[in-house]
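Please keep the structure open beside the text as you read.

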Amino acid sequence: MSQKVAVLGTGKIGEALLSGMIRAGWAPDDLLVTARRSERAEELRTRYGVTPVTNTEAAKTADTLILTVKPQDMGTLLDELAPHVPADRLVISGAAGIPTSFFEERLAAGTPVVRVMTNTPALVDEAMSVISAGSHATERHLAHAEEIFGGVGKTLRVPESQQDACTALSGSGPAYFFYLVEAMTDAGILLGLPRDKAHDLIVQSAIGAAVMLRDSGEHPVKLRENVTSPAGTTINAIRELENHGVRAALIAALEAARDRSRELASGKKD
């Protein structure tokens, strides 16, 4: 791990990635960071021992550039970087909706680009990071991206054509679960439970269900059926979910998220 890696745009995801890399064994001396505010850069230096640099210095010095700025800021950043990024630099994009061709058209011919969609559980080393190769990225580049993002969770390779679907499913996915927990907590209060107890009941149930899904090898339908007794409480609840179109609403919601990812790729902001 002697290569220099620069994280450009160290918000929550960028910082989570930095801390995960250090826990995975990367030396802080090999990690460079850029931040819009000097106070933020110094905060990262103090907290992790990494080296704050300018975007230009990162482009000239680092072997790998990880771009974690917002999608609407990516074009401006690339304009700044392009004159200083040699064609042998690996560029990893963490921006939703932006295809690798966007980077390849703005950087030196032959620059390897890898697109990664991760999610906020990177903050607790439980991210799902989806990785796709640009036209010049090799197996070595993909493996390097997996090494980096494996420090904050699980990685999965997909064709880039599937990235918008993955963004809808796992990139935005944590928000759907938080929304569901919020709604179930309100239901618990309606049923007479204090908020803190309703919250604890739901969160632990969610953790247990997730571990069962991950470790049992059983289909979710089978796991649901194991909880659903004839004429019991669970089947009555499931009936109401179906009556209110929850399944159809989830499908429509994910389609909307996928479509918005495509709109971002086309440059549409509103």
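## Exposure and a salt bridge

A residue counts as buried when its relative accessible area is under 20%, as exposed when the value is over 50%, and as partly exposed in between. Please bear in mind that this is a predicted model.

With those cut-offs in hand, take Glu-242: its relative accessibility is 41%, so Glu-242 counts as partly exposed. Its salt-bridge partner is Arg-247, and the closest N and O atoms of the two lie 2.9 Å apart. Arg-247 has a relative accessible area of 53% and is therefore exposed.

## Two packed helices

Let us turn to helix H1, which covers residues 12–23, and helix H2, which covers residues 38–48. Their axes are 12 Å apart, and the helices pack at an angle of about 20°. Because of that angle, H1 is roughly parallel to H2. The crossing in which H1 passes H2 is right-handed.

What joins Arg-40 with Glu-15? The two residues form a salt bridge, with 2.8 Å between the closest N and O atoms. This pair links distant parts of the chain, since Arg-40 sits in helix H2 and Glu-15 in helix H1, 25 residues apart. Arg-40 and Glu-15 are both buried.

How many salt bridges does the structure hold? There are 20. One of them pairs Arg-115 with Glu-160, where the closest N and O atoms are 3.1 Å apart. Here, too, distant parts of the chain are linked: Arg-115 belongs to strand E6 (residues 113–117), while Glu-160 lies in the loop between strand E8 (153–157) and helix H7 (163–171), 45 residues apart.

Are Arg-115 and Glu-160 buried or partly exposed? Arg-115 has a relative accessibility of 6%, so Arg-115 counts as buried. Glu-160, at 22%, counts as partly exposed.

## A nonpolar patch

Which residues form a nonpolar patch on the surface? They are Leu-241, Val-246 and Leu-250, and together these residues have about 240 Å² of accessible area. Val-246 is part of helix H12, which covers residues 246–265. With a relative accessible area of 33%, Val-246 is partly exposed.

Terms used
Residues are numbered from 1 along each chain as its sequence is written. This is a predicted model: local features need pLDDT of at least 70, side-chain atom pairs count only at pLDDT 80 or more; totals for chains, interfaces and linings use all residues. Side-chain values use heavy atoms; hydrogens and water are left out. Patches are made of residues with over 30% relative accessible area and no salt bridge: like charges are joined within 9 Å, nonpolar side chains (Val, Leu, Ile, Met, Phe, Trp, Tyr) within 5 Å. Accessible areas come from the Shrake-Rupley method with a 1.4 Å probe; for residues, only the protein chains shown count as cover. A salt bridge is a side-chain nitrogen of Lys or Arg within 4 Å of a carboxyl oxygen of Asp or Glu. Helices (H or I, at least four residues) and strands (E, at least two) are DSSP runs, numbered from the N terminus. Buried means under 20% relative accessible area, exposed over 50%, partly exposed in between (1.4 Å probe, protein chains only). Axes are lines fitted to C-alpha atoms, for helices over the stretch in contact, and angles run from 0 to 180 degrees between N-to-C directions. Angles under 35 degrees count as roughly parallel, over 145 as roughly antiparallel, 65 to 115 as roughly perpendicular and the rest as oblique. A crossing is left-handed if the near helix is turned anticlockwise from the far one by less than a right angle, and right-handed if clockwise.
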